[in-house]
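This report looks at some side chains, their surroundings and the contacts between them. The sequence and the model are shown first.

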Amino acid sequence: MAKRVVQEQWLQPWIICLTILTFRGITAQIRYSVNEEVKKGTELGNVAKDLGLDLGRLVERNLRVVSGTKLDFFRINPEDGRLSVNSRVDREDLCAKTVPCIINLKAVVENPLEMHQLIVEIHDINDNAPRFPDEKYTVEILESAVVGSRFQLEGAHDLDVGINSLHSYKMIHNQYFRLETEEFGEDGKVPFLILQRQLDREDKAQHALQITASDGGKPPKSSTINITIVVSDINDNPPICSKQKYTVTVKEDAPIGTFLLIVNASDADSGANGEIEYSIRSKFRGLSSEPFDLDSKTGRLSVKSKLDFEEKQLYEIKVVAADKGAVPLSTHCNVIVTVQDVNDNPPEIDITSLSGRIAENAPLGTVVALMAVTDRDSGLNGEVTCTIATDLPFDLKQSADGLSYSLVTKDKLDKELIKTYSITISAKDSGNPHLTSSKDIHVNVIDVNDNCPMFSQSPYIFHVFENNEPGSSILSVSATDTDDGENAVVSYSLDTKGQVGSFLNINGESGTISALKSFDFETLKSFQFQVVASDSGTPSLSSNVTVHVFILDQNDNAPVILYPVSSNGSAEGVEEIPRNVNAGHLVTKVRAYDADIGYNGWLLFSLQQVTDHSLFGLDRYTGQIRTLRSLTETDEAEHKLVILVKDNGNVSLSATATVLVKVVEPREAFAASDVKSSTKDSEDTNVTFYLMITLASVSALFIISIIVLIAMQCSKSSTDYTSKYLQDTNYDGTLCHSIQYRSGDKRYMLVGPRMSVGSTIVPGSQANTLVLPDRRRPSEEE
């Protein structure tokens with residue numbers, strides 16, 4: 001903050017204060033102060049220096065001041081930037097009792113456009129003396145008045161404010177009365193006469209008093225009033241107001257005749273001395289000029305003329321209630337009428353500066369126009385908000401004081417879309433209902449080349465079925481350029497950074513993309529790449545987009561039978577069950593898988609062919625084959641089951657497996673498989689001892705195999721569990737050995753050098769550990 005003191009020989013010193021606050025659009029705020037009634041031409045300060053402007057460019061930049069009022073109280077010298085008084089400044093005419101008295105000015109310079117807020121505070125000087133409404137005043141007091149009675153007098157009024165306003169009252173000494181003052185609202189200090197000695201009309205019928213009102217100026221100014229006290233010996237009861245103060249609120253748009261309230265006073269006297277008449281007492285000489293009407297008989301107060309909140313917000317009315325006695329007695333009833341503001345003044349928009357042409361590549365925040373807004377209403381009714389259409393690439397920035405706006409660019413402009421903007425600036429206050437006003441401005445856009453191709457969507461997501469035909473089109477992308485001519489011709493290319501160039505090709509003109517190979521969902525489920533779109537401008541502008549391609553599965557894989565599988569690769573197997581098994585006995589489990597996913601890979605099992613439907617049942621979800629009842633002597637010894645395995649694709653694919661179930665006597669079944677006989681004993685035998693016995697059995701088998709090789713091939717009638725899974729029609733004479741062991745609910749066989757086809761490889765076993773199908777009875781598993 002900077003301060004400057006200027007002193008003229010013919011007036012008191014006055015101070016200029018400068019405050020600068022920076023913000024967008026409105027760049028500074030400067031505050032000056034000056035006494036009222038200074039002579040024309042008095043200098044307040046140098047605005048150009050205070051703003052730091054180049055004095056050499058002042059004429060070029062057209063420095064000027066905008067007051068927003070009809071009278072130009074101040075002017076700026078455009079050559080040296082000095083701010084001076086241009087006409088008589090009377091603080092009382094400008095602001096009345098308002099403190100501080102502020103005049104808002106706007107200093108505008110161009111090239112570039114700037115607007116600065118100038119605030120001039122007008123200081124009061126003691127140029128008005130206190131004035132009474134009348135030079136003479138008569139008060140009638142009954143001789144029966146009680147000592148200590150108070151009589152309110154008409155107070156003086158001083159147009160000045162602060163220390164220069166009314167300060168005190170003084171009265172020449174009188175043995176019957178003394179003077180006291182009280183503060184009373186807008187009236188300030190109000191004088192009261194206090195009776196301090198009993199009156200006697202026969203002794204003295206009149207008393208002459210002189211009261212002097214002085215202000216606090218230096219030197220003080222004053223005025224006097226002569227008061228005549230008439231002592232009456234009749235009608236000794238004055239009217240009394242029912243309330244010390246009446247208050248009412250009325251809207252400024254209240255129609256003429258609107259009822260406000262009733263002033264009521266009573267008089268203890270009777271007859272004419274008790275009849276009361278009401279009247280409004282003006283602060284100034286003569287009848288009341290207040291915009292209210294008072295019924296003299298009823299005391300009914302109503303609106304007489306149009307009210308205006310902007311001119312006056314509060315009325316303090318003195319209603320005189322007087323009786324009709326020979327010497328009327330009266331009292332003052334104080335009525336305060338508060339005028340409530342209504343929204344009856346629309347906002348006003350003043351465009352102070354405007355740039356009608358702007359380049360489409362203008363940086364964001366470029367100032368296009370400066371404007372000031374005002375609203376004569378107060379409170380919410382005077383709070384103004386300026387807006388423009390939200391779909392425009394412009395924005396309004398409000399100044400710190402809320403009285404100015406700057407129109408700036410908020411988005412990039414595009415001449416190819418819009419060449420001229422017609423901007424409607426709408427101002428709306430916060431009243432209810434709102435009042436609005438608007439002003440239109442036009443801005444022309446200067447063209448530059450600034451548009452790159454734009455894709456219709458980003459990113460692209462495509463779904464392509466597998467087994468597509470190589471070389472066929474699988475998808476297409478599209479981009480447009482809003483420029484004209486060569487700048488709008490778009491060509492397409494693939495981003496060479498990826499590996500898609502080996503199996504994708506793009507048409508540079510249409511954006512159609514073809515696949516050079518057929519996709520397989522089971523090996524490639526998704527991939528992504530980028531497409532670059534470039535225009536033909538100079539320099540060329542381009543943009544890219546990411547394309548996501550998801551391969552969709554088709555039902556192109558039939559189910560594969562894992563078990564049973566014979567030595568020649570066909571889905572056939574032989575299972576043996578004792579004749580004495582019960583219903584629910586697990587014969588075997590058909591295992592299969594499908595490389596597809598979802599419904600295409602969901603497998604269901606069904607019996608396509610069976611010799612006896614009452615004997616065997618198949619679980620359609622697990623593939624387990626179980627007996628439905630106990631076997632009888634009449635049941636055949638061999639049963640053929642054909643199992644159909646199919647997926648759930650729209651066009652279902654399937655495979656079949658054949659299981660030959662042989663029914664054997666219990667002893668043969670026991671001798672046929674050491675795996676079956678050992679299931680129950682394994683729970684009670686030590687694992688180490690079992691492995692030793694197994695190793696010995698395998699060693700013996702190995703020796704017998706060397707001696708009787710051909711006999712082993714003919715010993716199928718006495719098949720043991722291990723030889724059953726090692727038999728091969730193309731057996732080349734290579735010896736096999738195996739070790740079986742149990743872990744939890746699975747049994748494993750170590751086979752070498754050939755592997756049994758009917759077993760399952762355990763991951764991590766180097767392909768020599770096989771999981772044996774568990775054929776134990778449900779009763780044995782328990």
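A residue is called buried if its relative accessible area is under 20%, exposed if it is over 50%, and partly exposed in between, using a 1.4 Å probe and protein chains only. The model is a predicted one, in which local features need pLDDT of at least 70 and side-chain atom pairs count only at pLDDT 80 or more, while totals for chains, interfaces and linings use all residues. Residues are numbered from 1 along each chain as its sequence is written, and side-chain values use heavy atoms, with hydrogens and water left out.

## A buried histidine

His639 has a relative accessibility of 3% and therefore counts as buried. It belongs to strand β50, which covers residues 638-646; helices (H or I, at least four residues) and strands (E, at least two) are DSSP runs numbered from the N terminus.

The side chain of His639 makes a polar contact of 2.9 Å with the side chain of Thr611, and one of its polar atoms lies 2.9 Å from the backbone oxygen of Glu636. A polar contact is a pair of N or O atoms within 3.5 Å; within protein, one must be able to donate a hydrogen and the other to accept it, and residues adjacent in sequence count only if both atoms are side-chain atoms. Beyond its neighbours within four places in sequence, His639 has contacts (heavy atoms within 4.5 Å) with residues including Asp612, Leu615, Phe616 and Val661.

## Aromatic pairs

The structure holds 10 aromatic pairs. Rings of Phe, Tyr and Trp (its six-membered ring) pair if their centres lie within 6.5 Å, and planes under 30 degrees apart count as stacked, over 60 as edge-to-face and the rest as tilted. Phe455 and Tyr460 form an edge-to-face pair, 6.2 Å centre to centre with 85° between the planes, and both residues are buried.

Tyr460 also pairs with Phe462, and this pair is stacked because the ring centres are 5.7 Å apart and the planes lie at 5°. Elsewhere, ring pairs link Phe503, Phe519, Phe527 and Phe529 into a cluster.

## The largest nonpolar core

A nonpolar core is a set of buried Ala, Val, Leu, Ile, Met, Phe, Trp, Tyr and Cys residues joined through side-chain atoms within 4.5 Å. The largest such core has 27 residues, and Phe455, Leu504, Phe527 and Phe529 are among those with the most contacts inside it. Strands that each supply at least two residues of this core include β35 (460-465), β39 (504-506) and β41 (526-534).

Leaving aside neighbours within four places in sequence, Leu504 is in contact with residues including Ile474, Leu494, Phe527 and Phe529.
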